[in-house]
Amino acid sequence: MSRIHIPAVDARRAASDIAFTPAVKAIQARKGSRRAYARMEEGDGWSTTITPELAQFIAAQTSVFLATANADGQPYIQHRGGPPGFLRVRDERTIAFADLRGNRQFITQGNLAENPRAHLFLIDYAHRRRIKLWGEARIVENDAALLAELMPEDGKARGEQVLEFRVLAWDANCPQHIPQRFEAADVARALEERDRRIALLEAEVARLSGGPSAASAPPVRPGP
C-alpha cells in the first residue's frame, strides 16, 4: 500500500512556514505581529509530530472538520463525527478514520485525487481548546481489514473507505472567543446526578424533621 508523499524537511525553514507564506508574513509585519512569530520560530515553534498529549486529545474528540481544495484552489470543508476514538492515531505522523457512507457526492475524494494537501480542525467546546493540523491526505479503498479496524464500535453506520491523514505541522489556538458548549450526553449525566442528590437530600430532610416519610426514608449516602 503506497504512502502519502511527505515533502523533504528543509531545516532552514520553520514548520509554521506551511501556513506563514511570504504573503502572510508581509501582512504580519504590516500589522505588528511578525516579530512575535519570528521569536516563536526561533524557539520550539510548531510541532511536526503527534505528541502523547495531542494523541489523547484526538482520541477524545467526537467531531472533526476536514478541509481540502481542488486543482483550481476551490476549497471545501467536510464534517465527520463519531464516538470518542473514531479518530485513530496510528503513529506519530498518521491519523486515520473510517469514511462512512453519506450523500455520495465524493467532493473530498475528488479534491484529494487532484491535490493531496489537507487540513484538520478539531475543537473541544467544553474545554475551549482547538487544534489545527496541516498535512496531506488520501483515500484508501478496497482494504477491508483496515476499514474494519477503524469502524466505530457502535455499529450504526456503514463504512465505505478509509481516510488517512499525514501530519506536517500543527498548532493549538488560545481559548479566546470559543463559546463553551457541552455534549448532550454529558449534560444528561450531570442532570441525573443532580436529581439523585436532590432526592437524597429531600429524604434526609424529611427523616430529620420527622415528616410523614421519616420512617421509610433512608439516611443520605454521599455520592462518589
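Two strands are taken to pair if DSSP finds at least two bridges between them, and helices (H or I, at least four residues) and strands (E, at least two) are DSSP runs numbered from the N terminus. The structure is a predicted model, in which local features need pLDDT of at least 70 and side-chain atom pairs count only at pLDDT 80 or more, while totals for chains, interfaces and linings use all residues. Residues are numbered from 1 along each chain as its sequence is written, and side-chain values use heavy atoms, with hydrogens and water left out.

**Overall architecture**

The protein chain holds six helices and seven strands, which follow one another along the sequence as α-α-α-β-β-β-β-α-β-β-α-β-α. Of its 224 residues, 32% are buried, where buried means under 20% relative accessible area, exposed over 50%, and partly exposed in between (1.4 Å probe, protein chains only). The chain exposes about 14100 Å², of which carbon and sulfur atoms supply 53%; accessible areas come from the Shrake-Rupley method with a 1.4 Å probe, and for residues only the protein chains shown count as cover. Among contacts (heavy atoms within 4.5 Å) between residues at least 6 apart in sequence, 68% join residues at least 24 apart.

**Strand pairing**

In the hairpin of β1 and β2, five residues lie between the strands, and Gly73 takes a positive phi near 90°.

| Strands | Bridges | Facing residues |
|---|---|---|
| β1 (residues 63-69) and β2 (residues 75-81) | seven bridges | Val64 and Arg80 |
| β1 and β5 (residues 117-124) | four bridges | Leu66 and Leu120 |
| β4 (residues 94-100) and β7 | seven bridges | Leu100 and Gly159 |
| β6 (residues 129-140) and β7 | 11 bridges | Arg138 and Glu164 |

Strand β7 (residues 159-173) is largely enclosed by the rest of the structure, because 11 of its 15 residues are buried.

Gln61 lies in the loop between α3 (52-60) and β1 (63-69), and it is buried, with a relative accessible area of 5%. A polar atom of the Gln61 side chain lies 2.9 Å from the backbone oxygen of Phe57. Once neighbours within four places in sequence are set aside, the residues in contact with Gln61 include Gly82, Pro83, Pro84, Gly85, Phe86 and Leu87, as well as Leu122, Ile123 and Asp124.

Phe20 is placed in the segment before α1 (22-31) and is likewise buried, with a relative accessible area of 10%. With neighbours within four places again left aside, its contacts include Lys25, Gln28, Arg34, Tyr37, Met40, Glu41 and Trp46. One of these residues, Arg34, is 14 residues from Phe20 in sequence, and the two are 10.0 Å apart in space, C-alpha to C-alpha.

**A nonpolar surface patch**

Phe182, Val187 and Leu191 form a nonpolar patch on the surface, with about 260 Å² of accessible area together. Such patches are made of residues with over 30% relative accessible area and no salt bridge, like charges being joined within 9 Å and nonpolar side chains (Val, Leu, Ile, Met, Phe, Trp, Tyr) within 5 Å; a salt bridge is a side-chain nitrogen of Lys or Arg within 4 Å of a carboxyl oxygen of Asp or Glu. Val187 lies in helix α6 (residues 184-209) and is partly exposed, with a relative accessible area of 35%.

How values were computed. Polar contact = N/O pair within 3.5 Å; in protein donor to acceptor, adjacent residues only side chain to side chain.
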